[in-house]
Amino acid sequence: MTSLEGINIVEISGIGCPGCMAAMPEARQAAGELGVGFVIIDAEKREDIPKGWNIERVPAIFLADGETEIFKCYGYQPEEILFLCAEDALQKYLAAKGESMPS
């Protein structure tokens with residue numbers, strides 16, 4: 001068992017990006033269902049993006065533990081798909097650390 005404190009869904013967005021605006025509520029909902037935080041980073045503020053995160057386009061959606069990337073996808077994803085993919089990646093990440101999802 002573990003706390004999910006410090007684990008977030010992070011959306012890297014561009015100002016005026018329609019796909020980013022569409023993805024935001026879906027990513028926020030998935031974060032709530034996973035029990036993790038939700039953070040938005042403006043793609044133009046490069047200093048806010050953790051080193052080593054390769055951003056090919058926006059929206060870029062990460063599941064991360066601090067600066068450690070657990071899962072990444074690009075573009076709009078329906079909440080159900082984003083949740084299932086992020087949940088699977090989170091379970092594998094925690095299992096590798098000898099932990100499990102909180103009940």
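Q: How do β1 and β3 pair in this predicted model?
A: In this predicted model, strand β1, residues 7-13, and strand β3, residues 60-65, pair in the antiparallel sense over six bridges.

Q: Which residue in β3 does I12 stand opposite?
A: The residue opposite I12 is A60 in β3.

Q: What is the order of the strands in the sheet?
A: The order is β2-β1-β3-β4. The sheet is open, has four strands and shows mixed pairing.

Q: And which are the edge strands?
A: The edge strands are β2 (37-42) and β4 (68-74), and each of them pairs on one side only.

Q: What does the twist average from one strand to the next?
A: From one strand to the next, the twist averages 20 degrees.

Q: Turning to the helices, which strands does α1 lie across?
A: Helix α1, made of residues 18-34, lies across β1, β2 and β3. Relative to β1, helix α1 runs at about 180 degrees.

Q: What about α2: which strands does that helix lie across?
A: Helix α2 (residues 79-96) lies across β1, β3 and β4. The angle at which helix α2 runs to β4 is about 160 degrees.

Q: Where does E79 lie?
A: E79 lies in helix α2.

Q: Is E79 buried or exposed?
A: E79 is buried, yet has no salt bridge.

Q: Then which residues does E79 touch?
A: Not counting residues up to four places away in sequence, E79 touches E26, Q29, A30 and E33.

Technical notes
Residues numbered from 1 in each chain as written. Predicted model: local features only at pLDDT ≥ 70, side-chain atom pairs only at ≥ 80, totals over all residues. Heavy atoms only, no water. Pairing = 2+ DSSP bridges. Helix = DSSP H or I, 4+ residues; strand = E, 2+ residues; numbered from the N terminus. Axes fitted to C-alpha atoms, helices over the stretch in contact; angles between N-to-C directions. Contact = heavy atoms within 4.5 Å. Buried < 20%, exposed > 50% of the residue type's maximum accessible area, 1.4 Å probe, protein only. Lys, Arg positive; Asp, Glu negative; His and termini not counted. Salt bridge = Lys/Arg side-chain N within 4 Å of Asp/Glu carboxyl O.
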